[in-house]
Amino acid sequence: MKKITQSILAVSLSASMIFPNMALISNAEEANTNGIENNSYINNTNDSTDQPNVEITQLTNPNAIGLGTITAYSLNVRSGPSTSYEVLGLLSKDTKVDILGRENNWYKISANNLIGYISASYVTLSAIEKGIDVSKWNGNIDWNQVKADGNDYVIIRAGFGSSTVDPQFKSYIEGASNAGLKIGIYWFSYATSVEKAKKEAAKCLATIEPYKDKISYPVFYDYEYDSVDYAKKVGVTITKDLSSKMAEAFLSDVASKGYITGIYANKDFGDRYFNSDILYANNLWIAQYSSPCTYNKPYMMWQYTEEGIIDGIGTLSKPNYFDKNYTYLKPTNNIIPESKIDVSLISVNDIKSVTYTGSDIKPSVTLTLNNENLKESEDYTLTYSDNIDVGTGKVTITGINRYTGTKTVPFEITPKDDNSHGDDVDNNISESKIDVSSASVNDIKSLKYTGSNVNPGVTVTLNDKILKENEDYTLTYSDNTSVGMGKVTITGINEYTGTKAVSFKIIPKTVSNISLDKKTTNSISFSWDKIDDVTGYKIYKYDEASKSYKHLKTIKDNNINTYTNKNLNSSSIYNYKIRAYKVIDGTTYYGKYSSIFTASTNSNIDLSLASVNDIKSVKYTGSDIKPSVTLTLNDKTLKENEDYTLTYSDNISAGIGKITITGINEYTGTKTVSFKIIPKTVSNILLNKKTTDSISFSWDKIDDVTGYKIYKYDNTTKSYKHLKTIKGNNINTYTDSNLNCASTYSYKIRAYKSIDGTTYYGKYSSIFTASTEVNKVTNLKLDTRKITSLKISWDKANDVTGYKIYRYDTNTNTYKLIKTISDSSITSYKNTNLSSATRYLYKIKSYKIVDGKTYNSDYSSSLLATTKPLTPSIKLSTPSTKSIKLTLSNTSSRSTGYKIYMSTSKNGTYSYIGYTNSKTFTKIKLTKNKTYYFKVRAYRTVNGEKIYSSYSTIKSIKCK
């Protein structure tokens, strides 16, 4: 086979063997090898490269998959594929056998009226087809010439690896198919894991799917030393276990799509890199470039050369070489079909001559296979012809149920004897009948319970004559349904009389379908199909010391069809047999032993070799911390409490915790892994106080830590820089000073714990952001008061952009912005359009704009200022002698009152003479005919302070 690397398969010869597909193995129970000629052996020094010229033998039995010849002088034929099954008969050396199927190292065969199983080690198979295998290295091929050269098939490389299709694949498969050749496939693998093998299978299936109906030979998995070398280069060591698992993954996916599967290997590679299970489960294609092939397992095909010549392709000077192959077994899925047995191959007893009666004559027949009699109406039916007149009658046997085909057997009908003795004979003398009670009856073998009537045939012999059922006797059966003792009563008829009763055993069914449920390093659990009409089951285990099966367990309930054998050794193989039993009146009836069930305990795998996932740091909680783990070993994820247990230590306080992983069941040893327990994350950071140059904050105290580390964002490096280490977990406040006013600062905090010189950090807190204050406005005061305006002023604030002036709104009960001053040097403001004698409340904020963002200070102290009242006007009159009346105008209800001043000269001294809160005031007790001068001013009292208007214009009048 020309590989992707064009490497040449190494020739590997080992112990000398017999011809293709047969090895001589010393096994006194299976074969008698005494007397085998010396020249039956192949000299193990034979390394001749001469190509064998093997004769092709055609299959004649449609149910056969191959033809073989017995090589042992006597070979047991058994009822099943192991030495635990009963022997059905013997075959002698050179007997030809039809191969009906294969199970592991056993063939199911048909020969000499025997159908059963023989060891494959004592059979030489005949080649039944021949063919070639090709890849792109073979170039262009004349497929009609390949067919004309006598080839039956071709195995075509579809591709290799996980993505490469052989560039000649399409032209090869279409050309070979058109030429009438059978087609198989091989895929060269470079897999290094089960997953990659499945990926290669997917590519292979996608490539061959359009030609599925043309593929009748297997799809072969080709894994070789080149594959192993490639894996080594990429850091993977290919073991027998890994190689077998990859093959299983590839071939299972291929088989699931309906293809027959196979494995290509040479003798050395197959035994070194594939376990027996995967080899037995597939069709084997063995490469060995020497004759004969000496591989010691049953194989389907033998690739015997890579220098084969096809007539008409290539020349003597420039030959075109091909890999050539012989096929010894038809491609199958290695499941032995339940094929029907042809009755034409079964032996029938000689039918003695029968005397003419004038009516239908129906002699009984006995069909024997594997030394057991077949049953009429269960295994076959009988049809009679030419069975009245003297001459040759015929009975046609037709197979039914498990049997098929027909077989016709002749028998002679002879004339009656004439009565020629005349009067000397007394025709009235009656012929005496023979009593069958003295007849001998064959031993009836134990028969299996079926749930229906069990009617075994019998052979009745009397006076050296075998009597015939329904001619000499009839049979009546009783107690023949349940397990126990059945009875058959033989009743004589015609020339026979009397009865004879014989008994036979009906034994439980044979336990079947034993399957593995579970296995560990010290136990094996298995189950089997439940059997009706039994008391229970007895389980036997093979004892190596005595080389026999010893009773292990009696199960006294037929519904309990599972058992677990405990306290076993690890990595050990155990063999079991089971048989059902039934107890009746103190007598126990046993079924036959089951097939041997073989299972092995798991190996004690050292957990120290397992890989464990990285365990992330876990936060301190104050309680036990038990992080989960994931263990992986040999591509398998192990299960807690099935494969291992976990023990935790040092897993409360911050620091390094430990997990001890202890193997259980099939795993042993311990593995310790560590994980970090880190302090809790600092939380609930709150602003305590801020000024124009400091920010104070606090956070929740954390237990089990050494202290805290505080980090502040640095705009220059765009990162957080360490600011302060606080040693002591009880100190959970900090003040950052010497800051710029009206600036934003961001902080993170994390707790830490120091243990033996190692520091364990908690995660960073959420970001805490705060801003310093803007310088507050101070010394807000009233500068000028007028009737409709107030002028206020304040001290200049440092490092601010400007000021915002707010006035209290009595309608909304809030301060509203009335003016923004964007020049910090302007420290006064005149509020105009006000009402007279009205109170106004002011506050001011300074503000600063930084990077487009406005920061405001807190409000200044409030300032209460009141506008002046209106300046009143006065009108004088003398309503009576010695009195003057003042009448006021230009007044306001917001004024609290009016103060009156009087003088006796215009520019003289004015004296306060009284006040009024109305619009009139009268001065009495004045001097008659004297002139008086008056002026008035309004006032409003606010918080005990009188706010005065300007004086009115001076008015004068002469008193009456």
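**Notes on a predicted model**

1. In this predicted model, Tyr 747 has a relative accessible area of 1%, and because that value is under the 20% cut-off, the residue counts as buried.

2. Tyr 747 belongs to strand β58, which covers residues 744-755. Leaving aside residues up to four places away in sequence, Tyr 747 is in contact with residues including Ile 695, Phe 697, Ile 710, Leu 739, Ile 767 and Phe 768. Leu 723 is also among the residues that Tyr 747 touches; the two lie 24 residues apart in sequence, with their C-alpha atoms 9.1 Å apart in space.

3. Which side chain is joined to that of Tyr 747 by a polar contact of 2.7 Å? The partner is the side chain of Asp 736.

4. Strand β58 runs antiparallel to strand β59 (residues 758-761), to which four bridges join it. The two strands form a hairpin with two residues between them, and Asp 756, in the turn, has a positive phi of about 50°. Ile 755 stands opposite Thr 758, a residue of β59.

5. A separate point concerns the second largest pocket, which holds about 740 Å³ of space. Its lining is made up of 18 residues, and those closest to its centre are Ser 82, Asn 104, Asn 575, Ile 596 and Thr 598. Two or more lining residues come from each of α7 (276-280), β41 (573-584) and β43 (597-600). By class, the lining comprises eight nonpolar, eight polar and two charged residues.

Key: Residues are numbered from 1 along each chain as its sequence is written. This is a predicted model: local features need pLDDT of at least 70, side-chain atom pairs count only at pLDDT 80 or more; totals for chains, interfaces and linings use all residues. Side-chain values use heavy atoms; hydrogens and water are left out. Buried means under 20% relative accessible area, exposed over 50%, partly exposed in between (1.4 Å probe, protein chains only). Contact means heavy atoms within 4.5 Å. A polar contact is a pair of N or O atoms within 3.5 Å; within protein, one must be able to donate a hydrogen and the other to accept it, and residues adjacent in sequence count only if both atoms are side-chain atoms. Two strands pair if DSSP finds at least two bridges between them. On a 1 Å grid over the protein atoms alone, a cavity is a set of points where a 1.4 Å probe fits but cannot get out, and a pocket is an open set with protein on both sides within 12 Å along at least five of seven lines; lining residues have an atom within 4 Å of a point. Grid points are joined across faces, edges and corners, and a volume is the space filled by probe spheres set on the points. Ala, Val, Leu, Ile, Met, Phe, Trp, Tyr, Cys and Pro count as nonpolar, Asp, Glu, Lys and Arg as charged, and the others, Gly among them, as polar.
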